[in-house]
Each structure stands twice: as C-alpha cells, then as structure tokens.
Amino acid sequence: MVQDLPPQGGYEPVQYKRNLPARGFRPGYYLLGMFAVMGYGWYKYIKGVRELNELGREKMWSRIHLIPLLQAENDRDQVRRYWADQDREQELLGKRTKVYHSDRFVRPTYGISPTNISK
C-alpha cells in the first residue's frame, strides 16, 4: 500500500489570524487628545480659582471700607438711645442722675429681653 504524502512543494499556509483592518486612531493620538482636554480643563480650573480669590479679596476690602460707616451708624444709634434714656429718667425722677461717680462716659450695654414669656 502506498503512503499518503504531502503534495510537491507542501501544503498552503493555514490562515489562523483574523485579517481585520485597524479601527480608529493610534493610541498615541488618543493620549494626546486626552492630555489636551485635561490641560484645557486645568487651565479653566486655575483661572476660576484665581477669579474666586479676587472676588474674595474684593469682598474683604469692601467690608473693611464699610466698617467706619457702620460704626458711625451704631454710634448715632447709641447717642439717640442715651439721650432718650436721659429724657425718660428726667421725666420720671425730675432730675438727671449719674449712675457712676465719674464724668467719664461709659458705653451702655443693652440686653435683649423676650417680649412674651411663656410659662
């Protein structure tokens, strides 16, 4: 019996790989695009942080410049209360009395009392 042998020149190569075309861009382009988007995001973030810092600084300076106005308003209110208290005291007692035995002005302290007390 004759042995079965390969043909002259051998068999054709067996195709074991898939022959698919490459889809999309090369990975380097994706990395480059990702870094570009991240760089733009960091740029906008840092710009926003600087803007917030500037707004905070502006707010602080506006408060600093408003302090004398608010202090003057508070002083006027205290003087008005002081003179109203002196007038009320003179009306009740008939004369102006001094609480302290001194001519030095003592800034009054006002406590807030509740208007209705529930039991």
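Trainee: How far apart are the mean positions of the positive and negative charges?

Mentor: They are 4 Å apart, for 20 positive and 13 negative charges. Keep in mind that this is a predicted model.

Trainee: How many salt bridges does a search of the whole structure find?

Mentor: Four. One of them joins Glu54 and Arg57, with the closest N and O atoms 2.6 Å apart.

Trainee: Where do Glu54 and Arg57 sit relative to each other?

Mentor: Both are in helix α1, residues 27-93, and they are three residues apart, so about one helical turn separates them. Glu54 is partly exposed at 41% relative accessible area, and Arg57 is partly exposed at 46%.

Trainee: And what does Asp77 form a salt bridge with?

Mentor: With Arg80, again in helix α1 and three residues along. The closest N and O atoms are 2.6 Å apart. Asp77 is partly exposed at 27%, while Arg80 counts as exposed at 51%, because the cut-off for exposed is over 50%.

Trainee: What about Asp85?

Mentor: Its side chain meets that of Arg88 in a salt bridge, 3.5 Å from N to O. Asp85 and Arg88 are three residues apart in helix α1, about one helical turn. Salt bridges with shared partners also join Asp77, Arg80 and Arg81 into one network.

Trainee: What share of the residues is buried?

Mentor: 3% of the 119 residues. The accessible surface comes to about 12800 Å², and 60% of that belongs to carbon and sulfur atoms.

Trainee: How many aromatic pairs are there?

Mentor: Four. Phe25 and Tyr29 make an edge-to-face pair, 6.4 Å centre to centre with 90° between the planes. Phe25 is exposed at 59%, and Tyr29 is partly exposed at 48%. Tyr82 and Trp83 also pair edge-to-face, with centres 5.4 Å apart and planes at 70°.

Trainee: Which residues form an aromatic cluster?

Mentor: Phe25, Tyr29 and Tyr30 form one.

Trainee: Are Tyr82 and Trp83 buried, partly exposed or exposed?

Mentor: Tyr82 is partly exposed at 30% relative accessibility, and Trp83 is partly exposed at 47%.

Terms used
Residues numbered from 1 in each chain as written. Predicted model: local features only at pLDDT ≥ 70, side-chain atom pairs only at ≥ 80, totals over all residues. Heavy atoms only, no water. Buried < 20%, exposed > 50% of the residue type's maximum accessible area, 1.4 Å probe, protein only. Areas by Shrake-Rupley, 256 points an atom, 1.4 Å probe, with all protein chains shown as cover. Lys, Arg positive; Asp, Glu negative; His and termini not counted. Charge placed at Lys NZ, Arg CZ, Asp CG, Glu CD. Phe/Tyr/Trp six-rings, centres within 6.5 Å; stacked < 30°, edge-to-face > 60°. Helix = DSSP H or I, 4+ residues; strand = E, 2+ residues; numbered from the N terminus.
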